[in-house]
Amino acid sequence: MLDRLSFPQPWLSLILFTTWQMLSDGVSGGSIVLGLILAWLIPQLTAGFWPERPAFVKAWRMPAYLAIVLKDIVVASFSVARLILSPRQPRPIFVCYPLKLEHPLAISMLASTISLTPGTVSADVSDDNKTLLIHALDAGSDQEVIDAIHNRYEKLLMEMFQ
Amino acid sequence: MSPIAETLISALLLLGGAFTLIGAIGLARLPDFFTRLHGPTKATTVGVGAIMLSSVIYFSARGEGVGIAEILITVFLFMTAPVSANILAKAAMHIGVSTMVETEGKPWDQ
């Protein structure tokens, strides 16, 4: 009974509550009550999808990581736009990326980053969580893609989750 | 509204529109499913980002407060776009969509 009333993931609850206050027009009594209900209900309902607590050890490194990703999105968008408008055919390639990250949350963050940065889409993760299949729109060789992703993103994520 | 704000808003709107258009052109021009997947994901990231930014500047320049809703829309979009791209790619590999001849490497199925 007490388990039902608790907040199994305090950070998720806090984020949900704050997001709800931002979404509603100004903070009022009603929005606080509804925000509390949502902050309690959603983690309870989705508890089954979180097999283990996310270990987010070094959260203060997050803003620097987001800044790098944001900058890369803008820079790489221009190169993809140039490729689309130029008459030459792209050289697509499927890359099997050997993952060094182990935490599931870290892997899904890396996969999302890869999909958001233009020119690469992560297509699948192998069942043992060791390989990531990436489709690159225009790349010379698979080693080029692997090195770029490892040096730019995976190292930062490894520092964040270790 | 100051002329600087107006210029900035117009420039951002044009940039966003241009990237959305290029994404659509990419969808029509690129040769196979997997390369076409790249067009729309790009249009949403920079195109929508620029349009949202212009909306934020517009409402703050009119003194109606910073639009938190726009920023949240962008954040939600950035969180969901990679997931949908991932599921599309997975579904395509599952039903064995053919890739263009020049593609190096192979999709695996498990």
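Starting with α4(B), its buried residues (20 or more other C-beta atoms within 10 Å of their own, with C-beta atoms placed from the backbone) are A81(B), P82(B), A85(B), N86(B), A89(B) and M93(B). Helices here are DSSP runs of H or I with at least four residues, strands are E runs of at least two, and both are numbered from the N terminus. This is a predicted model, where local features need pLDDT of at least 70, side-chain atom pairs count only at pLDDT 80 or more, and totals for chains, interfaces and linings use all residues. Residues are numbered from 1 along each chain as its sequence is written, while chains are lettered from A and ligands numbered from 1 in the order in which they are written.

Just past α4(B), G96(B) has a positive phi of about 70 degrees. On the side of chain B that touches chain A, α4(B) gives the largest share, eleven residues. The contact (C-beta atoms, placed from the backbone, within 7 Å) takes 32 residues from chain A and 36 from chain B.

Over in chain A, there's an open sheet of three strands in the order β1-β3-β2, with antiparallel pairing (at least two DSSP bridges between two strands). β1(A) and β2(A) sit at the edges with a single partner strand each, so one side of each has no neighbour in the sheet. Six bridges join β1(A) to β3(A), and C96(A) has L133(A) as its bridge partner.

| Helix | Strands touched | Angle |
|---|---|---|
| α5(A) | β2 and β3 of chain A | about 145 degrees with β2(A) |
| α6(A) | β1, β2 and β3 of chain A | about 45 degrees with β1(A) |

How values were computed
Two residues are in contact if their C-beta atoms, placed from the backbone, lie within 7 Å. A residue is buried if 20 or more other C-beta atoms lie within 10 Å of its own, exposed if 12 or fewer, and partly exposed in between; C-beta atoms are placed from the backbone. Axes are lines fitted to C-alpha atoms, for helices over the stretch in contact, and angles run from 0 to 180 degrees between N-to-C directions.
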